Amino acid sequence: MDLYTYYRSTSSYRVRIALGLKGLDYQALPVNLIANGGEHRQAAYRALNPQGRVPALRTDGGELLIQSPAIIEYLEEAFPNPSLLPGDLVARARHRQVAALIGCDIHPLHNVSVLNRLRHLKVAEEEVSAWIAHWVSEGFSAVEALIGDEGYCFGTVGLADVYLLPQLYAARRFSVDLAGFPNILRVERLALEHPAFLAAHPDAQPDTPA
């Protein structure tokens with residue numbers, strides 16, 4: 001499989017974690033979102049992914065898939081063992097609700113396209129920072145209340161953790177105060193000792209700046 005990725009893309013990071021947890025080999029094909037106005041905006045990449053974003057996954061069968069939730073669901077169904085979801089239906093829904101909270105309600109509000117639009121509208125940089133801190137903190141308050149108080153988000157590693165660790169990376173990159181989220185920070189400590197999370201980390205990618 002080929003993964004079109006960018007080292008600090010939150011959604012690409014999710015897919016890298018999922019691939020690692022399932023023990024799947026892939027070739028990373030970096031797409032630089034900064035250089036030359038962004039390789040994701042160029043015709044060659046747009047021909048692959050009309051949305052012009054990362055990640056995108058080319059399967060072993062040659063299909064090109066976009067959007068991290070769809071890619072992760074594909075991986076879960078195509079390679080069910082080890083599973084990212086528990087067997088119990090309610091427990092599965094709990095993983096999915098945390099994943100959706102992060103993927104739908106937190107991450108989109110600090111996506112680079114949103115931040116660039118705020119800057120285009122002449123919003124002051126300190127207000128952009130306050131915007132990020134507000135939405136991340138509000139979302140994390142809900143996640144903190146939803147997850148368990150030991151182990152990973154729900155005891156054993158799973159889908160919720162796949163979404164949480166990249167969001168934590170983004171929160172730290174934007175200097176969001178995380179002191180009020182002890183459960184979240186516990187999960188982070190555990191995950192950063194796990195080889196799949198370490199291999200997927202932005203600092204370990206082939207396109208990470210020296």
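How many helices and strands make up the secondary structure of the protein chain? In this predicted model, local features require pLDDT of at least 70 and side-chain atom pairs count only at pLDDT 80 or more, whereas totals for chains, interfaces and linings use all residues. Residues are numbered from 1 along each chain as its sequence is written, and side-chain values use heavy atoms, with hydrogens and water left out.

The protein chain comprises nine helices and four strands, defined as DSSP runs numbered from the N terminus (helices, H or I, at least four residues; strands, E, at least two). Along the sequence these elements follow the pattern β-α-β-α-β-β-α-α-α-α-α-α-α. The radius of gyration of the protein chain is 17 Å, close to the 17 Å given by the globule rule for 210 residues, so the chain is as compact as a globular protein of that length. Here the radius is taken over C-alpha atoms, and the rule is 2.2 Å times the number of residues to the power 0.38. Along the principal axes, the C-alpha atoms fill a box of roughly 45 × 45 × 30 Å.

The four strands of an open sheet are arranged in the order 2-1-3-4, with mixed pairing; two strands pair if DSSP finds at least two bridges between them. Strand 2 (27-30) and strand 4 (64-66) form the edges, each pairing on one side only. From one strand to the next, the twist averages 25°. Strand 1 (residues 2-5) runs parallel to strand 2 and is joined to strand 2 by four bridges; Leu3 has Ala28 of strand 2 as its bridge partner. Helix 3 (residues 68-78) lies across strand 3 (56-58) and strand 4, at about 125° to strand 4. Contact means heavy atoms within 4.5 Å; axes are lines fitted to C-alpha atoms, for helices over the stretch in contact, with angles from 0 to 180 degrees between N-to-C directions.

Two cis peptide bonds are described here. One joins Val54 and Pro55, with omega about 5°, and Pro55 lies in the loop between helix 2 (43-48) and strand 3. The other runs from Asn81 to Pro82, with omega near -5°; Pro82 is located in the loop between helix 3 and helix 4.

The largest pocket holds about 1,100 Å³ of space. A pocket is an open set of points on a 1 Å grid over the protein atoms alone where a 1.4 Å probe fits, with protein on both sides within 12 Å along at least five of seven lines; lining residues have an atom within 4 Å of a point. Grid points are joined across faces, edges and corners, and the volume is the space filled by probe spheres set on the points. Of the 45 lining residues, Ser9, Ser11, Val54, His107 and Asn111 are the closest to the centre of the pocket.
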